[in-house]
Amino acid sequence: MSHERKLRLKTLVMVFAMMVCATTGDSLLKRGMTEIGPVTLDHAGLFQAFRLAMTSPTIWLAIFFLIGFMLSNMTVLSWADYSYVMPASAFGYVAVTFVGMTVLGETVSPRRWIGVALICAGVFLVGQTKPSTSAVAEAVQ
Amino acid sequence: MIRTAATLAIFVLSGSAGELAVTHGMKKAGAPDRLRIKPVLSFLGRAFCTGWFWVGVPLMALSFYLLMVLLSWEPISLVIPASALSYVVGTLGAKYILKEDVNGVRWAGVLLVCIGVAIVAAG
């Protein structure tokens, strides 16, 4: 397997891991923060929000998945461009839409389909470029 | 409205700045030889010792906290579409700070993703 192809493959694997962890973590975070309720921007309100967040099992589970996202993100960024990885990870929105439609039986609006099509086209275009172009990464490799 | 817009701006800028700093740190740490447990753990050990990582983490923590605050104030259908701006801010940072080669094709892809994410999240 050529160096270029190997680089693309391992980047794809890590972006997939990032996508799964980020989607799960964000969903759990939203659920946890909704359980806590609106946060007021004064000293007492911020402290109360922090205390409630730190004692919420849902928030801790979200943090676990978001740490998984962070570690896989760190690893892939050690060789790939930030401007390559960041848009590619947006493919999570596409995955969530298909899971919602096929597993949960949700109806997907035409507007959402347009958004999904734009993300797919954008990720496809980014995928046509070289995963690594920065001088520091090339010097290390 | 002004409070939400200002918080959103700080959220986007701090998040992008943090990710750019971490990216620079990861490049300095050097990629793992193989995607196996030992080389990856060794890489993470090096990564946690780079100064740029510790510059990025507080900025990302600030961004994460502001996201939680924003989500408690406003519906997710407003917060996430607006945060899609970070794709553009991050790419500008990658081009001018990290000196990545962001050509026309990549820019077109980033802009399509940015608009697509905004539309999907708004729905």
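Two salt bridges are found over all chains of this structure, which is a predicted model. One of them lies within chain A, where the side chains of Arg31(A) and Glu35(A) meet at 3.9 Å, N to O. Both residues belong to helix α1 of chain A and stand four residues apart, about one turn of the helix. Arg31(A) has a relative accessible area of 53%, so this residue is classed as exposed.

The other salt bridge joins Arg106(B) to Asp81(A), with the closest N and O atoms 2.9 Å apart. This pair crosses between chains: Arg106(B) sits in helix α6 (residues 104-122) of chain B, and Asp81(A) sits in the loop between α3 and α4 of chain A. Arg106(B) and Asp81(A) are both buried. Across the interface of chain A and chain B, the rule finds one salt bridge.

**The interface of chain A and chain B**

The contact between the two chains involves 47 residues of chain A and 51 residues of chain B. Together the chains bury about 4,400 Å², and 74% of this area is on carbon and sulfur atoms. On the side of chain A, the residues that lose the most area to chain B are Lys30(A), Met74(A) and Tyr82(A), which together make up 15% of what that side buries.

Polar contacts also link the chains: 10 residue pairs are counted between chain A and chain B, with both residues at pLDDT 80 or more. Five named helices of chain A each supply at least two residues to the side that touches chain B, namely α1 (3-36), α3 (57-77), α4 (82-88), α6 (110-127) and α7 (135-140). The largest share comes from α6(A), with 12 residues. By type, the residues on this side of chain A divide into 32 nonpolar, nine polar and six charged.

**Cysteines**

A search of the whole structure gives zero disulfides over all chains. For Cys120(A), the nearest cysteine sulfur is that of Cys114(B), 16 Å away, and Cys120(A) is in no disulfide. A disulfide is a covalent bond between the sulfur atoms of two cysteines. The relative accessibility of Cys120(A) is 29%, so this cysteine counts as partly exposed. Cys21(A), at 17% relative accessibility, counts as buried because the value is under 20%.

**A residue of chain B**

Leu92(B) is part of helix α5 (residues 85-96) of chain B. Its relative accessibility is 37%, and Leu92(B) therefore counts as partly exposed. Apart from neighbours within four places in sequence, Leu92(B) is in contact with Ile97(B) and Trp107(B). Between Leu92(B) and Arg3(B) there are 89 residues of separation in sequence, and their C-alpha atoms are 25 Å apart in space.

**Accessibility values**

The table collects relative accessibility for some of the residues described above.

| Residue | Relative accessibility | Class |
|---|---|---|
| Cys21(A) | 17% | buried |
| Cys120(A) | 29% | partly exposed |
| Leu92(B) | 37% | partly exposed |
| Arg31(A) | 53% | exposed |

Key:
Residues are numbered from 1 along each chain as its sequence is written. Chains are lettered from A and ligands numbered from 1 in the order in which they are written. This is a predicted model: local features need pLDDT of at least 70, side-chain atom pairs count only at pLDDT 80 or more; totals for chains, interfaces and linings use all residues. Side-chain values use heavy atoms; hydrogens and water are left out. Contact means heavy atoms within 4.5 Å. Buried area is the accessible area (1.4 Å probe) that two parts lose on being put together, summed over both. A salt bridge is a side-chain nitrogen of Lys or Arg within 4 Å of a carboxyl oxygen of Asp or Glu. A polar contact is a pair of N or O atoms within 3.5 Å; within protein, one must be able to donate a hydrogen and the other to accept it, and residues adjacent in sequence count only if both atoms are side-chain atoms. Ala, Val, Leu, Ile, Met, Phe, Trp, Tyr, Cys and Pro count as nonpolar, Asp, Glu, Lys and Arg as charged, and the others, Gly among them, as polar. A disulfide is a pair of cysteine sulfur atoms within 2.5 Å. Buried means under 20% relative accessible area, exposed over 50%, partly exposed in between (1.4 Å probe, protein chains only).
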